[in-house]
Amino acid sequence: MEEITHEKLLDYIDGTLDRHESLQLEEKISKDSSLAQQYQELLQIDSALQHLEIHKPSADMAKRVMVSISNPGIKRSSIYLMIITCLTVICGSYFMAEGMIDLTMLEQISYLSAIESYLPDSINYKLISNSLLFVLTIFGLVIFDKLILRPYFKKRQYAY
Amino acid sequence: MIFFQKSCNLILLISVKHSVNQADDDNRLIDQILEGQQAPFNQLVLKYQNYAFTIAVNILKNEQDAEEVTHDAFVKAYKNLNSFNRTAKFSTWLYRIVFNTAISLNRKTKIIKRPLDEVSKFIATDSSQLEHEDQRRYINEGLKTLCKEDRAVITLFYLKENSIEEIAEITGQKTSTVKVRLHRARKRLAMALKDTLKEEALTL
């Protein structure tokens, strides 16, 4: 048998040596005191590691995991949609209030003026533009509720 | 002698059967989760959370970070459950996620490595020999002196759930590398324990 290294001793402790090698090693250990000492040191460590401390996480770990998988969180695309909606509402409101944007401006566009001849005269463009702005505002508020407010309050509910 | 051999064979057979039964249980729960049920995942979390947390703590040396890693690992496991191909045990796959998540977090935080001689300053409170409680405390201190990969390998090996090949799969290393790490880490711990006992003898 070749020189006994600590790897060989650890293989013996782990029970991975074959029967012939194990018997040879046992014989060498019994005859060599320094080898026996090395063996005892490694055996002591192996014995101590057999009682490796099992750490326990907090009691609500499973609960928190289940909350997280029930509320997968907000997708980035949804956040962008909400931001764009809010910006559109804010900018649209501002520019309309300043009179910078008005659906009557469509009359200036030549190819749309052809369509205008088919439209009734009583159309209130201001009403339409305000209605669109109102619908967009409601849409923005619904997204805000679905993406931000509901998950936040649900998390608080499960936290306590 | 024959009786002893038969007893050993019986014990081996029982442990293999237990392992197979465990795998069947896990597969049954996974099937239910993939069908759309969430409650079975709670059972898997409760079953593996202690070992997953222990692995994370021993890599990160910090319980708070380990909580975060364990939580994130389970959430990742749930989201990617349809990609679990069942060639390995569920625990092997899960511990791989825990290991990778812990290593990623560890890279982001500054690690203060404690030199080996600091461990030898840890003196057991018992005057005569290291008791079981002190051994555990010593081992925890000794583990902190190892690099994170060595700590991970030691923890996975002594949790007794994983073979060398499974540990290699979890840590993404070769089987020979895992074996070398395991031997080297234990040798370092043995040297540190020797120093501790020497210092104890000098203070008596």
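Reader: How many aromatic pairs does a search of the whole structure find over all chains?

Author: The search finds 9 aromatic pairs. Rings of Phe, Tyr and Trp (its six-membered ring) pair if their centres lie within 6.5 Å. This is a predicted model, in which local features need pLDDT of at least 70 and side-chain atom pairs count only at pLDDT 80 or more, while totals for chains, interfaces and linings use all residues. Residues are numbered from 1 along each chain as its sequence is written, chains are lettered from A and ligands numbered from 1 in the order in which they are written, and side-chain values use heavy atoms, with hydrogens and water left out.

Reader: Why is the pair of Phe84(B) and Phe90(B) called edge-to-face?

Author: The centres of Phe84(B) and Phe90(B) are 5.8 Å apart and the planes stand at 75°. Planes under 30 degrees apart count as stacked, over 60 as edge-to-face and the rest as tilted, so this pair is edge-to-face. Ring pairs also link Phe84(B) and Phe90(B) with Tyr48(B), Trp93(B) and Tyr95(B) into a cluster.

Reader: What makes Gln49(B) count as buried or exposed?

Author: Gln49(B) has a relative accessible area of 11%. Buried means under 20%, exposed over 50% and partly exposed in between (1.4 Å probe, protein chains only), so Gln49(B) is buried. Gln49(B) lies in helix α2 (residues 39–60) of chain B; helices (H or I, at least four residues) are DSSP runs, numbered from the N terminus. Leaving aside neighbours within four places in sequence, Gln49(B) is in contact (heavy atoms within 4.5 Å) with residues including Pro57(A) and Phe74(B).

Reader: Why is helix α1 (residues 6–14) of chain A described as largely enclosed by the rest of the structure?

Author: The description holds because 7 of the 9 residues of α1(A) are buried. Among them are His6(A), Leu9(A) and Tyr12(A). Just after α1(A), Gly15(A) takes a positive phi of about 75°.

Reader: Why are helix α4 (residues 61–70) of chain A and α2(B) called oblique to each other?

Author: α4(A) and α2(B) pack at an angle of about 140°, with their axes 9 Å apart. Axes are lines fitted to C-alpha atoms, for helices over the stretch in contact, and angles run from 0 to 180 degrees between N-to-C directions. Angles under 35 degrees count as roughly parallel, over 145 as roughly antiparallel, 65 to 115 as roughly perpendicular and the rest as oblique. The angle of α4(A) and α2(B) therefore counts as oblique. Residues making the contact include Val65(A) of α4(A) and Phe41(B) of α2(B).

Terms used
Helix = DSSP H or I, 4+ residues; strand = E, 2+ residues; numbered from the N terminus.
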